[in-house]
Amino acid sequence: MCIRDRRNVYVTGYTQSSSFPITEGTYDKEISGTDVFVAKLAAVSSYLLNIGRAGTGTGLVSSRDGGIDCGLDCSESYDQGYTVTLTATPDEGSVFGGWSGDVTGADNPIKIAMDSNKTVTAKFVPAGETYTLTVLKSGPGNGTVTSEDEEINCGEVCTATYAAGTVVKLTATPDETSGFDGWQGDISGTTKTISFIMDSDKTAVAVFGPYPLGDLTGEWSSLKVSRYLGQTIILSGFLRMINDGDGELKGNYKIAYYLSPDGQSLGNLLETRSLSYNLAANSTRILAFVQYLSQNQNPVGKYLIAVMDVDNELEEKNENNNIVVFGPITESSGSGNGEQEQKLKLKKLSEAIKNKLGK
């Protein structure tokens with residue numbers, strides 16, 4: 001027997017199966033034979049898809065599953081997670097002008113994941129119409145804008161005329177001193193290449209900004225003090241280099257390590273390393289640090305300081321966070337991250353050293 005309410009389906013019957021799925025504790029496992037069951041099938045959430053049509057042309061929108069036939073049937077409920085494929089079909093004398101609403105773009109057909117109620121509008125425009133595309137450049141940076149069909153090369157040519165329904169693909173290319181911030185005007189987006197349909201006169205503004213810079217900083221992830229043959233002290237640890245900026249860090253630069261008596265002055269130079277690691281934006285790299293010290297260089301109670309890009313070879317977004325302090329060092333020094341209070345103290349020591357050096 002099958003019983004259905006507004007949200008659930010109940011199925012009753014009997015089974016002799018030894019592996020019938022059940023809720024724990026619902027029957028006596030010591031008794032075998034035929035068992036009566038009631039199964040509850042929970043309802044799946046559903047969302048409403050509404051279709052609209054706009055523009056001075058005409059056409060239909062249909063879904064591959066047959067639920068949408070707009071024209072006449074312009075809304076349909078779909079189970080959560082279902083993917084609807086929509087196709088816009090212009091009438092004779094019209095062309096498709098793109099999608100707007102909860103889904104935008106020039107693709108036809110399109111796929112829509114039903115994870116909420118959605119409204120999508122198909123635009124149709126008269127065939128034979130022509131529209132003008134105007135490209136402008138804005139922002140403190142500089143660059144060029146070109147179209148895939150070579151009608152636009154701005155720089156030089158910044159307007160072109162297109163037949164209604166033409167898909168235009170523009171690419172913004174910043175020069176070596178600039179970055180690309182995004183598109184404004186009648187189109188929007190942050191990718192350098194963008195596609196859209198000419199369904200009206202349009203203005204596309206490419207915004208060029210300053211070249212994206214990296215930002216080299218770091219933190220000590222661990223530090224260990226050990227002894228070798230009772231006389232030599234081995235100081236070892238790991239320094240996490242961090243690029244906290246928007247651009248790649250590349251080039252040759254140096255990191256210098258100092259053993260400081262108080263964490264507020266550099267103290268004794270232990271080692272300088274030359275590096276040529278490229279660090280992508282928002283990436284990290286672990287550097288191993290090992291130093292053999294004599295007995296009179298005992299590091300316990302002192303501070304280990306890393307000065308990254310010591311010669312200021314890198315152009316960075318922030319030049320004031322390249323000094324990383326660990327300490328005070330103990331016989332059992334561990335994580336350089338520590339408690340929040342300790343991290344704040346070490347940050348203040350780094351800033352104090354920076355101010356003294358004028359770095």
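Analyst: This is a predicted model, and one place to begin is Phe289, which counts as buried because its relative accessibility is 1%.

User: Which residue forms an aromatic pair with Phe289, and is that pair stacked or edge-to-face?

Analyst: The ring centres of Phe289 and its partner are 5.9 Å apart, with 80° between the planes. Planes over 60 degrees apart count as edge-to-face, so Phe289 forms an edge-to-face pair, and its partner is Trp220.

User: Where in the chain do Trp220 and Phe289 lie, and how many residues apart are they?

Analyst: Trp220 belongs to strand β20, whereas Phe289 belongs to strand β24. The pair therefore links distant parts of the chain, and the separation is 69 residues.

User: Is Trp220 buried or exposed?

Analyst: Trp220 has a relative accessible area of 1%. Because the cut-off for a buried residue is under 20%, Trp220 is buried.

User: Which residues have the most contacts inside the largest nonpolar core?

Analyst: The largest nonpolar core has 26 residues, and the elements that give two or more residues to this core include β20 (216-228), β21 (232-243) and β24 (283-293). Apart from it lies another core, of 22 residues, among them Ile152 and Phe196. Within the largest core, the residues with the most contacts are Trp220 and Met241.

User: Which residue lies over the face of Tyr277?

Analyst: Leaving aside neighbours within four places in sequence, Met241 is in contact with a set of residues that includes Tyr277, Arg285 and Leu287. The residue over the face of Tyr277 lies at 3.6 Å from the ring centre, and this residue is Arg285.

User: Why is the pair of Tyr78 and Tyr82 described as it is, and what is that description?

Analyst: A search of the whole structure finds eight aromatic pairs. The rings of Tyr78 and Tyr82 have centres 5.3 Å apart and planes at 5°. Tyr78 is buried at a relative accessible area of 6%, while Tyr82 is partly exposed at 36%. Since planes under 30 degrees apart meet the cut-off, the pair is stacked.

User: In the open sheet of four strands, what is the strand order, and which residue in β6 is the bridge partner of Val61?

Analyst: The open sheet has antiparallel pairing in the order β6-β5-β8-β10, and its edge strands, β6 (69-70) and β10 (110-113), each pair on one side only. Two bridges join strand β5 (residues 59-63) to β6, and the bridge partner of Val61 is Cys70.

Notes. Residues numbered from 1 in each chain as written. Predicted model: local features only at pLDDT ≥ 70, side-chain atom pairs only at ≥ 80, totals over all residues. Heavy atoms only, no water. Pairing = 2+ DSSP bridges. Core = buried A, V, L, I, M, F, W, Y, C linked by side-chain atoms within 4.5 Å. Buried < 20%, exposed > 50% of the residue type's maximum accessible area, 1.4 Å probe, protein only. Contact = heavy atoms within 4.5 Å. Phe/Tyr/Trp six-rings, centres within 6.5 Å; stacked < 30°, edge-to-face > 60°. Lys NZ or Arg CZ within 6 Å of the ring centre and 35° of its normal.
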